[in-house]
Amino acid sequence: EAIMRLGTNTLRYGKTAAEARAKIGDILVEGHAMSNAYVQALDFQKAVFDKTPVNPDNLAATAKEKGLDLKISKPFDKEYGPMDINLGSSFPASSLFELKETDPFTPQPIRGGDGVYVVAFNKMTPSRIPPLEEIHSRVVADYKYLQAMQLARQNGSAFGQMATNG
C-alpha cells in the first residue's frame with residue numbers, strides 16, 4: 001500500500017521490490033517514531049508553559065523533573081543556525097532570532113532531522129568576527145560551491161553559444 005502511494009519512482013528505495021519494502025518499512029517506522037516524539041514534545045512544552053511565570057528556566061526545571069537532557073547550543077548565526085543540533089535543512093534558522101526575553105519560546109516544538117526539539121531563547125551573544133580556524137571548513141565549502149557555480153555558468157554559457165551557432 002505504501003509503495004502504491006509513493007507512485008512509480010520507487011527505484012530510489014531499492015533495486016528490488018524486497019529492498020524497497022525494507023526501506024519503506026524503515027521510513028514508516030521513523031515517521032511513527034517522529035509522530036510519537038512530537039506528541040511527547042507537545043506534552044512537555046505544555047508542562048513548561050503551565051509553570052508561571054513562563055520563562056526559559058521552566059524548561060530546565062521541567063526537563064530535570066522528567067529526566068530529560070537539556071542542551072544549550074553554542075552561539076550560532078542566522079545563515080547556518082545551530083551546528084550542535086539537527087533542525088533539518090528546511091528549517092529557517094533565522095526564525096530563531098525572533099525569540100527574545102519577553103517571548104522566549106517557539107510556538108510549537110520543532111521537528112528536526114533526528115528528533116523533536118523544544119526551543120527557548122537563552123541569551124544574545126554579541127556579534128563578533130570568528131577566527132579562521134573556527135570557520136575554516138565553512139569557508140572552504142563556500143569557496144568550492146562558488147567555484148562550482150562559476151564553472152557551471154561558464155559551461156552552460158559555452159553550451160548555449162554552441163547550440164545557437166550550430
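## Close-up views of a predicted model

View 1. K46 and D50 are joined by a salt bridge in which the closest N and O atoms are 3.1 Å apart, a salt bridge being a side-chain nitrogen of Lys or Arg within 4 Å of a carboxyl oxygen of Asp or Glu. This is a predicted model, in which local features need pLDDT of at least 70 and side-chain atom pairs count only at pLDDT 80 or more, whereas totals for chains, interfaces and linings use all residues. Residues are numbered from 1 along each chain as its sequence is written, and side-chain values use heavy atoms, with hydrogens and water left out. Because K46 and D50 are four residues apart in helix 2, they are separated by about one helical turn. Both K46 and D50 are exposed, where exposed means over 50% relative accessible area, buried means under 20%, and partly exposed covers what lies in between (1.4 Å probe, protein chains only).

**View 2. A salt bridge between E65 and K51.** By the rule given above, the count comes to two salt bridges, and in this one the side chains of E65 and K51 meet at 2.6 Å, N to O. The pair links distant parts of the chain, with E65 in helix 3 and K51 in the loop between helix 2 and helix 3, 14 residues apart. Helices (H or I, at least four residues) and strands (E, at least two) are DSSP runs, numbered from the N terminus. E65 counts as exposed at 59% relative accessibility, whereas K51 is partly exposed, with a relative accessible area of 22%. Side chains of opposite charge can pair when their charged atoms come close.

**View 3. Helix 2 along its length.** Helix 2 covers residues 17–50, which is 34 residues, and it reaches 49 Å from its first C-alpha to its last, close to the 50 Å expected at 1.5 Å a residue; the expected span is 1.5 Å times one less than the number of residues. The buried residues of helix 2 are A20, I24, M34, Y38, A41, F44, Q45 and V48. R111 lies over the face of Y38, at 4.1 Å from the ring centre, and a charge is said to sit over a ring if NZ of Lys or CZ of Arg is within 6 Å of the ring centre and within 35 degrees of the ring normal.

**View 4. The largest nonpolar core.** This core has 10 residues, namely M34, Y38, A41, F44, V48, L59, A63, F105, V116 and V118, and a nonpolar core is a set of buried Ala, Val, Leu, Ile, Met, Phe, Trp, Tyr and Cys residues joined through side-chain atoms within 4.5 Å. Helix 2 and helix 3 are the elements that give two or more residues to this core, and helix 2 gives the most, with five residues. Not counting residues up to four places away in sequence, A41 touches P109, V116 and V118, where contact means heavy atoms within 4.5 Å. A second, separate core of eight residues includes I85, L99, I110 and F121.

**View 5. Two aromatic pairs.** The count comes to two aromatic pairs, under a rule by which rings of Phe, Tyr and Trp (its six-membered ring) pair if their centres lie within 6.5 Å, with planes under 30 degrees apart counted as stacked, over 60 as edge-to-face and the rest as tilted. F49 and F105 form an edge-to-face pair, at 5.1 Å centre to centre and with 75 degrees between the planes. This pair links distant parts of the chain, since F49 is in helix 2 and F105 in the loop between helix 3 (56–66) and strand 1 (110–111), 56 residues apart. F49 is partly exposed, with a relative accessible area of 32%, whereas F105 counts as buried at 6% relative accessibility. The rings of F76 and F97 have centres 5.6 Å apart and planes at 80 degrees, so this pair is edge-to-face.

View 6. T62 is found in helix 3 and counts as buried at 0% relative accessibility. Leaving aside neighbours within four places in sequence, T62 is in contact with F44, A47, V48 and K51. N58 also lies in helix 3 and is buried, with a relative accessible area of 9%. With neighbours within four places left aside, N58 is in contact with V48, K51 and P53.
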